[in-house]
Amino acid sequence: MIYLMRHGLDDERFIGGHSDVPLVDEGIEQVIKARDYVDKTLVINKIISSDIKRAVQTAEIMNSHRLGSIEYDSRLRELDKGLLTGMFREEANLKYSEFVDLKDIYKRYPKGESLVDFYERIKRDLNLILSRDDTLIITHRGVINMIYFILRDLEINYNKSMFDVEHASIHECDLNRKLIRRIY
């Protein structure tokens, strides 16, 4: 089985995407609780993580009871928000107001991706991303949402809460059976 995990809470005053915003204390606590659940419940032989800081920190905490190394993979990165990446939300709201509450799935962030670009990137690499059994993949809400859209053959949209991908949540995924569901 493949397990997908969203990183813990980071500083949400900043625009995420490919930003290197670290976890906050609450996010660290969320990940420790998730690690305890995984240690008691799941068989994990490998951890693969996005190479973005908040995911890297999450992977290090999740791996603290294991001896194996973590594999980092840039294909697991969140939607590229281009020039907005890492910007204070207040500043982004002033400079790029047309990208706040974006609904147009074809509109690209300046020097970044559109939601369609992001979907196609994840779809293209899905078999490679989900190819190893008993693996915990630490990534971002957007990536997990795209996998839900792909496996459930749904039309993509910007509804971030559609699949209940909360900070430090864990979702089991069976690519062969096209099944995905939240388990923690």
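Biologist: Let's start with His7: does His7 count as buried or exposed, and at what relative accessibility?

Modeller: Keep in mind that this is a predicted model. His7 sits in the loop between strand E1 (2-6) and helix H1 (25-41). The cut-off for buried is under 20% relative accessible area. His7 therefore counts as buried, with a relative accessibility of 3%.

Biologist: Now to Ser169: what is its relative accessible area?

Modeller: Ser169 has its place in the loop between H5 and strand E5 (170-174). Not counting residues up to four places away in sequence, Ser169 touches Leu4, Met5, Arg6, Asp164, Arg182 and Tyr184. Ser169 is buried, and its relative accessible area is 0%.

Biologist: Which side chain does a polar contact join to that of Ser169?

Modeller: The contact spans 2.9 Å. Strand E5 covers residues 170-174. The partner of Ser169 in this side-chain pair is His171.

Biologist: Happy to move on to helix H4: where does it bend?

Modeller: H4 covers residues 115-129. The bend comes to about 30°, and its place is Lys123.

Biologist: Against which elements do the buried residues of H4 pack?

Modeller: The buried residues of H4 are Leu115, Phe118, Tyr119, Arg121, Ile122, Asp125, Leu126 and Ile129. An α-helix has 3.6 residues a turn, so residues three or four places apart point the same way. The buried residues of H4 pack against strand E4 (135-139) and helix H5 (141-151).

Biologist: Stepping back, what is the radius of gyration of the chain?

Modeller: The chain has five helices and six strands, running β-α-β-α-β-α-α-β-α-β-β from the N terminus. For 184 residues the globule rule gives 16 Å, and the chain comes close to that, so it is as compact as a globular protein of that length. Its radius of gyration is 16 Å.

Biologist: Last one: of the contacts with a separation of 6 or more, what share comes from residues 24 or more positions apart?

Modeller: Of the 184 residues, 51% count as buried. Among contacts with a separation of 6 or more, residues 24 or more positions apart account for 70%.

Methods. Residues are numbered from 1 along each chain as its sequence is written. This is a predicted model: local features need pLDDT of at least 70, side-chain atom pairs count only at pLDDT 80 or more; totals for chains, interfaces and linings use all residues. Side-chain values use heavy atoms; hydrogens and water are left out. The bend at a residue is the angle between axes fitted to the seven residues ending there and the seven starting there. Helices (H or I, at least four residues) and strands (E, at least two) are DSSP runs, numbered from the N terminus. Buried means under 20% relative accessible area, exposed over 50%, partly exposed in between (1.4 Å probe, protein chains only). Contact means heavy atoms within 4.5 Å. A polar contact is a pair of N or O atoms within 3.5 Å; within protein, one must be able to donate a hydrogen and the other to accept it, and residues adjacent in sequence count only if both atoms are side-chain atoms. The radius of gyration is taken over C-alpha atoms; the globule rule is 2.2 Å times the number of residues to the power 0.38.
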